[in-house]
Amino acid sequence: GRGAAGEYRADNRPHLLSMARWIANGVIDHEDLASDAITALLGVWAQGTGPTTNPNTYVARSMRNRVIDEYRSPRSRVRGVIDADAEMTPHVDSTRDADLHREYRYVTSALRSLPPDQQQVLVGVVIDGRKPAELEAELGRPASAIYSLVRRAKVGLRRATLREILEDGAPEECRRAARRLPETVTELVDDAPDS
């Protein structure tokens, strides 16, 4: 509640002010930047939403977005700033992995749930960037069969990832429904008659 929010602010303010000074890069007053981002975090917490882990990552992302908005504003154009992202200091993108930690976990877990040959072909083609012909000896199949395996593996990964997302922290009724997903999950639910 309110006490925990106050404690968070007290414990993290020096670190967040330091981060804000770096992110603001002289474009915005760093104290205002930090204050606005912390206030936004406390606001989403008061609504029962917002991050449950790594709140500093959320605050850093808020500050970064605010600075980008400032760069893109008409006031910045008057100062001659042309490309907001080029003006940003390189460290700012270091929050991307932290922001996507949940998504990485979903995809990693979904990949592990696939049959070993599908895992192997996805790692080879998608992650390592190899061509199906380069995997013939390793998988003991012709390239044409590997192309089909890649397609099946991608369909399976899409379904498995959706299932991971639907089951995450869900009640048992939702988990049961997630296990009954159609074999092929389309982007448009209306396209799947048994959806």
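Leaving aside neighbours within four places in sequence, Val-123 is in contact with Leu-111 and Asp-128 in this predicted model. Val-123 lies in helix α8. Because its relative accessibility is 30%, Val-123 counts as partly exposed.

**Helix packing around α10**

Two packed helices are described by the angle between their axes and the distance between the axes. Helix α8, which spans residues 116-127, packs with α10, and α10 in turn packs with helix α11, residues 172-179. The two pairings are set out below.

| Helix pair | Angle between axes | Distance between axes |
|---|---|---|
| α8 and α10 | about 100° | 9 Å |
| α10 and α11 | about 175° | 9 Å |

With an angle of about 100°, α8 and α10 are therefore roughly perpendicular to each other. On the α8 side, the contact is made by Asp-117, Gln-118, Val-121, Leu-122, Val-125 and Val-126. These residues meet Ile-146, Leu-149, Val-150, Arg-152, Ala-153, Lys-154 and Leu-157 in α10. By residue class, the contact of α8 with α10 comprises 9 nonpolar, 1 polar and 3 charged residues.

The angle of about 175° between α10 and α11 falls in the range over 145 degrees, so these two helices are roughly antiparallel to each other. Here α10 contributes Arg-159, Arg-163, Leu-166 and Glu-167, whereas α11 contributes Arg-175, Ala-178 and Arg-179. The residues of the contact of α10 with α11 divide into 2 nonpolar and 5 charged, with no polar residue.

Is Thr-161 buried or exposed? Its relative accessibility is 15%, which is under the 20% limit, so Thr-161 counts as buried. Apart from residues up to four places away in sequence, Thr-161 touches Tyr-106, Val-107 and Ala-110.

Asn-65 is located in helix α3, residues 55-72. At 36% relative accessibility, a value between the limits of 20% and 50%, Asn-65 therefore counts as partly exposed. Asn-65 and Ile-23 are separated by 42 residues in sequence, and their C-alpha atoms lie 9.9 Å apart in space.

**The protein as a whole**

Which secondary structure elements does the protein have? The model contains 11 helices and 0 strands, and the elements from the N terminus on run α-α-α-α-α-α-α-α-α-α-α. Of the 195 residues of the protein, 35% count as buried. The accessible surface comes to about 12,400 Å², and carbon and sulfur atoms account for 51% of this area. Among contacts with a separation of 6 or more, 53% are between residues 24 or more positions apart.

**Confidence of the prediction**

The average pLDDT of the protein is 78, and 79% of the residues score at least 70. Over residues 77-92, however, the pLDDT is below 50. Beyond near neighbours in sequence, this stretch of residues 77-92 has 22 contacts in the model.

Notes
Residues are numbered from 1 along each chain as its sequence is written. This is a predicted model: local features need pLDDT of at least 70, side-chain atom pairs count only at pLDDT 80 or more; totals for chains, interfaces and linings use all residues. Side-chain values use heavy atoms; hydrogens and water are left out. Buried means under 20% relative accessible area, exposed over 50%, partly exposed in between (1.4 Å probe, protein chains only). Contact means heavy atoms within 4.5 Å. pLDDT is the predictor's confidence in each residue, from 0 to 100. Helices (H or I, at least four residues) and strands (E, at least two) are DSSP runs, numbered from the N terminus. Accessible areas come from the Shrake-Rupley method with a 1.4 Å probe; for residues, only the protein chains shown count as cover. Axes are lines fitted to C-alpha atoms, for helices over the stretch in contact, and angles run from 0 to 180 degrees between N-to-C directions. Angles under 35 degrees count as roughly parallel, over 145 as roughly antiparallel, 65 to 115 as roughly perpendicular and the rest as oblique. Ala, Val, Leu, Ile, Met, Phe, Trp, Tyr, Cys and Pro count as nonpolar, Asp, Glu, Lys and Arg as charged, and the others, Gly among them, as polar.
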